[in-house]
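The sequence and structure come first.

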Amino acid sequence: MPITPTKKIWMDGELVDWANATTHVLSHTLHYGTGAFEGIRAYPTAKGPAIFRLREHMERLARSCKILMIELPYGVDELCAAAEEVVRVNDLSQGCYLRPLVYLGYGEMGIYPLSSPVNTVIAAWPWGAYLGDEGVANGVRMKISSWARHHPNSMPTASKTVGGYVNSSLAKVEALKAGYDEAIMLGTDGRLSECTGENLFIVRDGLLITPPPSEAGALSGITQASITKIASDLGYPVAFESMRRDDLYLADEAFLTGTAAEVVPIHSVDDRVVGDGVPGPITKALQSTYFAAVRGERPEYESWLTYVS
Ligand code: PPE
């Protein structure tokens with residue numbers, strides 16, 4: 001998806017012009033992938049732009065760095081303030097996607113990462129529906145990937161590690177080249193894990209089921225947590241349960257969740273139509289409540305918003 005440039009990117013405490021926000025080609029992360037990132041969205045609300053679950057994202061960034069033993073030079077409060085500043089200076093009142101990245105910069109080569117300088121950046125730009133407006137409205141066609149999700153002893157799955165996304169990228173390319181919209185990944189034990197950048201839910205007999213992130217080797221999604229809360233508030237119970245591909249084929253409804261993707265119905269999996277092939281009633285109720293919550297239209301979820309004034 002193309003990037004629309006904005007004015008400034010926050011780099012190590014300074015607001016730098018978009019075009020000058022560059023790094024040396026011998027930056028360590030560019031070679032070895034040791035780094036961590038986040039994806040956050042801000043939405044327009046009646047009270048101005050608001051960043052959705054900002055603190056939770058920055059806390060996850062700090063946890064990713066902890067796992068990688070990267071010493072994050074900023075605290076969560078400072079990162080939250082910097083993210084607000086980026087939305088403010090770039091006039092992003094219509095909403096945006098924010099991309100915090102912690103990477104190892106120029107100074108050392110060789111696999112040992114911990115003597116390289118740590119750089120922290122936050123960029124933001126307007127970004128449309130990640131899997132397309134058509135997908136959000138009518139559902140996406142999914143393919144189970146031949147690439148397995150990382151075994152947790154190969155790559156820490158609770159960390160949004162830069163290099164870890166090669167696994168997602170292989171699966172995404174495979175699915176798109178085969179004519180599908182997105183891939184579903186199984187763990188090395190053959191159980192459902194997640195998608196290349198989203199978590200997975202099914203609905204069966206009125207019950208919502210999603211793979212337990214730690215056991216499934218999936219990222220613990222902030223959207224997954226938001227949907228779990230919204231679902232239980234709407235009276236739909238949610239179970240964190242391990243599943244196999246059959247559970248997807250036989251689901252009444254299925255959808256995926258992620259910051260970039262938001263809430264997207266699944267039309268089919270491996271050419272087997274899920275349910276009636278149209279977004280189901282529970283998916284639609286959750287999706288519309290989520291879209292209302294992020295836009296500040298649901299007072300019960302307002303604590304998830306950080307207004308940028
Ligand atoms: N699993 C993975 C592997 C993942 O990358 C994401 C976020 C999720 C689940 C959902 O997590 P959450 O956003 O907290 O609900 N993926 C980010 C990056 C996407 C990208 O393509 O880049 C995102 O959605 O911002």
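Which residues does serine 27 touch, not counting residues up to four places away in sequence?

## Serine 27

Serine 27 touches Tyr103, Leu104, Gly105 and Tyr106, where contact means heavy atoms within 4.5 Å. Serine 27 sits in the loop between strand 2 (14-17) and helix 1 (28-32). Helices (H or I, at least four residues) and strands (E, at least two) are DSSP runs, numbered from the N terminus. With a relative accessible area of 2%, serine 27 is buried; buried means under 20% relative accessible area, exposed over 50%, and partly exposed in between (1.4 Å probe, protein chains only).

## Basis of the model

The model is predicted: local features need pLDDT of at least 70 and side-chain atom pairs count only at pLDDT 80 or more, while totals for chains, interfaces and linings use all residues. Residues are numbered from 1 along each chain as its sequence is written, and side-chain values use heavy atoms, with hydrogens and water left out.

## Domains

The domain assignment, which is automatic or from a database, gives domain 1 (8-125) and domain 2 (133-294). Their C-alpha centres lie 26 Å apart. The contact between them takes 21 residues from domain 1 and 19 residues from domain 2.

## Ligand site

Both domains give residues to the shell around the ligand, so the ligand lies between them. Of the 21 residues around the ligand (a heavy atom within 4 Å), Tyr97, Tyr130, Tyr165, Glu194 and Thr259 come nearest. By class, the shell has 6 nonpolar, 9 polar and 6 charged residues. Ala, Val, Leu, Ile, Met, Phe, Trp, Tyr, Cys and Pro count as nonpolar, Asp, Glu, Lys and Arg as charged, and the others, Gly among them, as polar.

Polar contacts are pairs of N or O atoms within 3.5 Å. A polar side-chain atom of arginine 60 is 2.8 Å from a ligand oxygen atom. For tyrosine 97, a side-chain N or O atom lies 2.5 Å from an oxygen atom of the ligand, and for threonine 259 the distance from such an atom to a ligand oxygen is 2.5 Å. The protein covers 94% of the 550 Å² of accessible area that the ligand has on its own (Shrake-Rupley method, 1.4 Å probe). Strand 6 (96-104), helix 7 (222-233) and strand 14 (253-258) each give two or more residues to the shell.

## Positive phi

Aspartate 12, in the loop between strand 1 (8-11) and strand 2, has a positive phi of about 50 degrees although it is not a glycine. Aspartate 12 is partly exposed, with a relative accessible area of 28%.

Aspartate 205 also has a positive phi, near 50 degrees. Aspartate 205 lies in the loop between strand 11 (199-204) and strand 12 (207-210) and is exposed at 72% relative accessibility.

Definitions and conventions: Polar contact = N/O pair within 3.5 Å; in protein donor to acceptor, adjacent residues only side chain to side chain.
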